[in-house]
Amino acid sequence: MLIAVPRESKTGETLVAATAKTATQLTSLGYDVVVESGAGDSADQSDDAFTDAGIRVGTAEDVWGADVVVKVNAPTEEEVGRLRQGATIVSMMAPMRSPELVERLSEAGVTALAMDAVPRISRAQSMDVLSSMANVAGYRAVVEAAHEFGRMFTGQVTAAGKINPARVFVVGAGVAGLAAIGAASAMGAVVRAFDVRPEVAEQVESMGAQFVEVDFESEVSSDGYAKEMTAEQEAATAAMYDEEARAADIVITTALIPGRPAPKLIRAETVAGMRNGSVIVDMAAANGGNVEGTETDQRVVSENGVTILGYTDLAGRLAAQTSQLYGTNVVNLFKLLTPEKDGQLTLDMDDVVQRGMTVTRDGEVMWPPPAVQVSATPKQVAPAPAAEAKPEKPKLTERGRLALVAGVAAVLFALIAASPAPLQLNLTVFALAIVIGYYVIGHVHHALHTPLMSVTNAISGIIVVGALVQLGFDNSAVTVLAALATLLASINIFGGFAVTRRMLGMFSRS
Ligand SMILES: NC(=O)c1ccc[n+]([C@@H]2O[C@H](COP(=O)([O-])OP(=O)(O)OC[C@H]3O[C@@H](n4cnc5c(N)ncnc54)[C@H](O)[C@@H]3O)[C@@H](O)[C@H]2O)c1
C-alpha cells in the first residue's frame with residue numbers, strides 16, 4: 001500500500017505529518033511512502049532529507065491518489081474531493097465539533113481515522129497526538145511568556161541588589177499545564193498551580209509547583225478529564241483565581257473540559273487588577289479562551305499594561321520537534337494497524353483504540369464511537385471488615401519519646417561510668433555518635449539516600465582500617481571480631497558499588 005504525506009494547506013502551518021526518520025519507519029512496516037515536494041520545508045525536513053533517506057518525493061497528484069493519506073490538519077472540502085474512493089485518510093479532525101466534515105467523508109466513501117480521537121488509555125499513549133502537542137505547547141507557552149515578561153524568572157542575590165523570582169500561576173494541570181509547570185520551575189520561577197481534579201495535586205508538586213488548595217467538594221475524576229463545575233464550586237474558585245492572578249507575574253491557563261467551550265476563569269476585573277508588565281498566556285484560546293479579553297491568535301495589551309497571548313500555534317512554533325513527535329505517533333498507529341508488517345492496513349473494530357478513532361469506514365459513519373472507560377481513578381479498595389482490621393501500632397507520645405531517650409542516655413552513662421578508664425573515651429564517642437547519627441540521618445530526605453550511601457561507604461572504609469589494625473592483636477576474640485567487622489564493612493562497600501553501577505546503568509543510552 002502507498003502512504004502519502006501531503007503539504008499542509010492551512011495558512012501558516014509549519015508542521016508535517018512525517019519526517020525523514022518516521023517515513024523510513026513506515027517503509028519498514030512494508031509500505032511505500034511518498035511525500036509531497038516542500039511538505040517538510042517549515043519543519044527542517046527538506047526534500048533532500050527525504051530523498052537521502054530513500055523516501056520518494058512527489059507531486060500533489062501522486063499524493064492525493066494514494067491508498068492512505070496522512071496529514072496533520074483536517075482535510076478541506078477540496079482535499080476530501082481529491083481522495084479516491086476506498087482510500088484512508090488519517091489526520092486530526094475534531095469529529096465531535098465537525099459534523100459537516102463527517103458527512104463529507106462519508107459521501108466520499110473513504111475511511112477516516114481521527115488522530116485526535118485516540119482514547120486516553122495507557123495502551124494508546126504512544127499514539128496520543130494531543131498529548132504530544134500539548135506537551136510541546138506548554139513548554140513554548142512559558143518561553144513566550146518569558147519573552148514578553150522581559151525580566152528574569154530566577155531569583156538572585158547579587159552585589160548590585162536582590163532580584164525576586166518571577167511568580168507563575170498555572171490553571172489546569174493536564175498535559176499542557178504540567179509541561180508549563182516543569183518549564184517555569186526549571187527556569188527558576190516560583191510556581192503555583194490549580195486544577196479541579198484533586199488527584200493531580202501530587203503530580204503538580206512533583207513537577208516543582210505548589211498546589212493551591214480550595215475548600216470545596218470535588219471528586220476524583222473517573223476518566224482523567226474534568227467535569228463542569230457546579231455553581232457552588234465556581235463561587236469557591238472565583239475568589240482564588242482573582243487572588244492568585246493578581247499576585248502573579250505570569251498566568252498560564254490550560255483549563256479544558258472535552259467537548260465544551262473553555263470555561264471563563266479569569267475575569268476582566270482580575271486582569272485589570274494585575275500588575276503592569278504581567279503576562280497571561282491563554283492556551284485555551286482556540287476553544288474560546290479561559291480569560292476575558294483573549295483574542296484568538298492575537299497579542300493583546302490591556303489598558304493597565306497586561307499582555308494577553310492567545311496563540312493557538314504554540315506547538316507549531318517548535319515545528320521540527322513537534323513534527324517528529326506527531327510522526328512517531330503516526331508510526332505507532334501504523335504498527336497497530338499492520339500486525340503482519342506486510343504493508344497492508346487492517347482495521348479491527350473490536351479494538352477500542354481503533355474503534356475510538358474511526359470516524360467513517362468505507363463511507364459508513366462510525367462516529368461517535370461507544371464510550372471508553374479510561375481511568376485516572378485509584379482502584380476502589382473495599383474497606384476491610386472491622387473485625388479483621390489490623391490494630392494500629394501505638395504511636396509514642398512526645399512525653400514517651402523523651403522518657404525513652406532519657407532511659408537510653410542513663411543506661412549509656414552508667415555503662416561509661418562502670419567501664420575501665422581507657423574504654424570510657426571510646427564509649428563516650430560511641431554514645432554521641434548514636435545520638436548525632438540518629439538525628440542527622442533520620443532527617444535526610446528520601447531523595448538523598450543515594451549520596452548518603454556514599455557516606456556510609458566512607459564509614460565502612462574507616463571500620464575496615466580500624467579492624468585491620470586490630471587483627472594483629474594477641475587475643476583471639478578481638479581477632480574474630482575484627483575479621484567479622486572487615487567482612488560486614490566490605491559487604492557494605494562492594495554492595496554500594498554494585499547498586500551505584502546498576503543505577504548508572506539505568507541512565508546509559510545503550
Ligand atoms: N495554544 C496552543 O498552541 C495549544 C496547543 C496544544 C493544546 N492547547 C490547549 O491547551 C489546553 C490544555 O490541553 P491539555 O492537553 O493539557 O488538556 P488536558 O485535558 O490534559 O488538561 C486540561 C486540564 O484542565 C483542568 N480543568 C478543567 N476545568 C478546570 C477549571 N475550571 N479550573 C482548573 N482546571 C480545570 C482539567 O482537570 C485538566 O487537568 C486545551 O485547551 C488545548 O486545546 C493549546
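Select Thr 22 first, together with the residues around it. Leaving out residues up to four places away in sequence, Thr 22 touches Gln 324, Gly 327, Thr 328 and Val 331. The model on the screen is predicted. Thr 22 belongs to helix α1. Is Thr 22 buried or exposed? Its relative accessibility is 1%, so Thr 22 counts as buried, since buried means under 20% relative accessible area.

Leu 2 has a relative accessibility of 17% and so counts as buried. With neighbours within four places in sequence set aside, Leu 2 is in contact with Asp 32, Val 33, Val 34, Arg 56, Asp 62, Ala 66, Asp 67 and Val 68. Draw a line from the C-alpha of Leu 2 to the C-alpha of Thr 19: these residues are 17 places apart in sequence and 16 Å apart in space.

The domain assignment gives domain 1 as 2-127 + 318-365, domain 2 as 135-313 and domain 3 as 398-506. How far apart are the C-alpha centres of domain 1 and domain 3? The distance between these two centres is 63 Å.

The next stop concerns aromatic rings. The structure holds five aromatic pairs. In the pair of Phe 149 and Phe 153, the ring centres are 6.2 Å apart and the planes are at 70°, so the pair is edge-to-face; planes over 60 degrees apart count as edge-to-face. Phe 149 is buried, with a relative accessible area of 8%. Phe 153 also counts as buried, at 4% relative accessibility. Then select Phe 169, Phe 194, Phe 211 and Tyr 241, which form one aromatic cluster.

Another ring to display is that of Tyr 311. What sits over this ring? The charged end of Arg 317 does, 4.0 Å from the ring centre.

Select Ala 94, in the loop between β5 (88-91) and α5 (99-107). Ala 94 is not a glycine, although its phi is positive, at about 35°.

Lys 341 is to be found in the loop between α11 (319-337) and α12 (352-357). This residue, again other than glycine, has a positive phi, near 50°. Lys 341 counts as exposed, with 56% relative accessibility, because exposed means over 50%.

Finally, select Trp 367 and Pro 368. Is the peptide bond between them cis or trans? The bond from Trp 367 to Pro 368 is cis, with omega near 0°. Pro 368 is placed in the loop between β17 (364-365) and α13 (398-418).

Technical notes
Residues are numbered from 1 along each chain as its sequence is written. This is a predicted model: local features need pLDDT of at least 70, side-chain atom pairs count only at pLDDT 80 or more; totals for chains, interfaces and linings use all residues. Side-chain values use heavy atoms; hydrogens and water are left out. Rings of Phe, Tyr and Trp (its six-membered ring) pair if their centres lie within 6.5 Å; planes under 30 degrees apart count as stacked, over 60 as edge-to-face and the rest as tilted. Buried means under 20% relative accessible area, exposed over 50%, partly exposed in between (1.4 Å probe, protein chains only). A charge sits over a ring if NZ of Lys or CZ of Arg is within 6 Å of the ring centre and within 35 degrees of the ring normal. Domain bounds come from an automatic or database domain assignment. Helices (H or I, at least four residues) and strands (E, at least two) are DSSP runs, numbered from the N terminus. Contact means heavy atoms within 4.5 Å.
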